[in-house]
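Thanks for coming. I will talk about side-chain contacts today, and I will keep it short. Please look at the structure on the screen.

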Amino acid sequence: MTDVRIRLDLAYDGGAYRGWAAQPGLRTVEGVLTDALATLIRRPVKVVVAGRTDAGVHARGQVVHLDLQRAEWEGLSRGRDIPPQAAILRRLAGVLAPEEGAVVVRAAAEVPPTFDARFSALSRSYTYRLADERARRDPLRRADTAWHRARLDDALMAAETSGLLGLHDFGSFCRPRERGTTIRELHEFSIARGEDGVLTARLTADAFCHHMVRALIGAAVDVGEGRREPGWLMQRLGTPEWDSAVRLAAPHGLVLESVAYPEAERLAARAEQTRATRPTSPA
């Protein structure tokens with residue numbers, strides 16, 4: 001039978017899970033998603049994710065792909081006058097712990113076989129919310145906003161970000177992984193205070209290595225509270241080695257907002273290029 005490749009776009013509350021990757025005995029996003037797919041398809045289904053997220057990290061625009069047989073895909077409609085992409089959304093909503101709503105599959109589509117959720121991606125974008133000082137703490141946003149004990153100098157934090165843009169070895173901000181590269185291209189890194197007084201960081205890169213976003217935010221906070229001198233992030237960048245000076249920002253302030261992909265005709269070329277330079281999973 002002819003296989004079909006399916007793209008799923010999903011969002012989740014990372015506080016309900018021990019990260020993305022399936023682990024024996026632990027509740028993870030990948031675990032509950034693949035369990036739900038196995039219930040629908042009646043066999044184990046492997047998914048490939050755009051970027052693994054740490055325990056407690058949220059996603060608003062995560063992307064995965066999976067391969068099904070044509071009969072399995074079309075059979076999701078159960079003979080009704082409803083397209084498979086609508087059927088899988090409806091049926092997944094019924095088995096993905098509906099009483100919790102911690103994982104929502106927002107869209108499903110058949111995509112070209114050259115689409116790869118991980119390797120075809122052009123970039124990933126994250127935001128990080130941080131409330132400094134008690135008056136800025138909104139208890140209704142406590143699940144997705146980190147709280148800091150004292151006011152931070154947002155001007156100093158913002159000034160730290162611009163020099164890191166471009167292609168660099170971010171080894172001082174990435175927990176090393178065997179055979180993994182820490183060379184990344186950072187497209188955007190900004191920190192600004194919103195109308196509610198909460199600091200929001202925005203970061204976009206071709207990919208992020210393990211703990212990279214949380215390490216960058218943690219370093220910026222160190223400068224903003226005066227623990228480190230201005231220019232410390234650039235100083236760290238010049239010595240790309242992970243050490244005890246790194247402080248990770250709390251995970252629950254971090255959200256994977258979106259993943260960008262090229263046009264269909266460029267999917268294969270992009271995947272080939274990424275595989276040649278990045279042999280291990282982004283995180």
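Is arginine 275 buried, partly exposed or exposed? Arginine 275 has a relative accessible area of 43%, so we call this residue partly exposed. Please keep in mind that this is a predicted model.

Now to the partner of arginine 275. Its side chain meets that of aspartate 116 in a salt bridge, at 3.1 Å from N to O. Aspartate 116 sits in the loop between strand S4 (103-111) and S5, while arginine 275 belongs to helix H7 (residues 267-277), so this pair ties together parts that are 159 residues apart in sequence.

How many salt bridges does a search of the whole structure find? The search finds 19.

Glutamate 225 is partly exposed at 22%, and arginine 149 is exposed at 64%.

Arginine 247 lies in the loop between H6 and strand S10 (254-260), so here the parts tied together are 22 residues apart in sequence. Arginine 247 is partly exposed, with a relative accessible area of 33%. Through shared partners, salt bridges join Arg149, Asp222, Glu225, Arg227 and Arg247 into one network.

Next, the aromatic rings. A pair of rings is described by how far apart the centres are and by the angle of the planes. The whole structure has three such pairs according to the search. In one, tyrosine 12 and tryptophan 20 have ring centres 6.2 Å apart and planes at 35 degrees, so the pair is tilted. Both tyrosine 12 and tryptophan 20 are buried.

In another, the ring centres of tyrosine 126 and phenylalanine 208 are 5.3 Å apart and the planes are at 90 degrees, so that pair is edge-to-face. Tyrosine 126 is in strand S5 (residues 123-132) and phenylalanine 208 in the loop between strand S9 (199-205) and helix H5 (212-224), so the parts tied together are 82 residues apart in sequence. Tyrosine 126 and phenylalanine 208 are both buried.

That is my last slide.

How values were computed:
Residues are numbered from 1 along each chain as its sequence is written. This is a predicted model: local features need pLDDT of at least 70, side-chain atom pairs count only at pLDDT 80 or more; totals for chains, interfaces and linings use all residues. Side-chain values use heavy atoms; hydrogens and water are left out. Rings of Phe, Tyr and Trp (its six-membered ring) pair if their centres lie within 6.5 Å; planes under 30 degrees apart count as stacked, over 60 as edge-to-face and the rest as tilted. Buried means under 20% relative accessible area, exposed over 50%, partly exposed in between (1.4 Å probe, protein chains only). Helices (H or I, at least four residues) and strands (E, at least two) are DSSP runs, numbered from the N terminus. A salt bridge is a side-chain nitrogen of Lys or Arg within 4 Å of a carboxyl oxygen of Asp or Glu.
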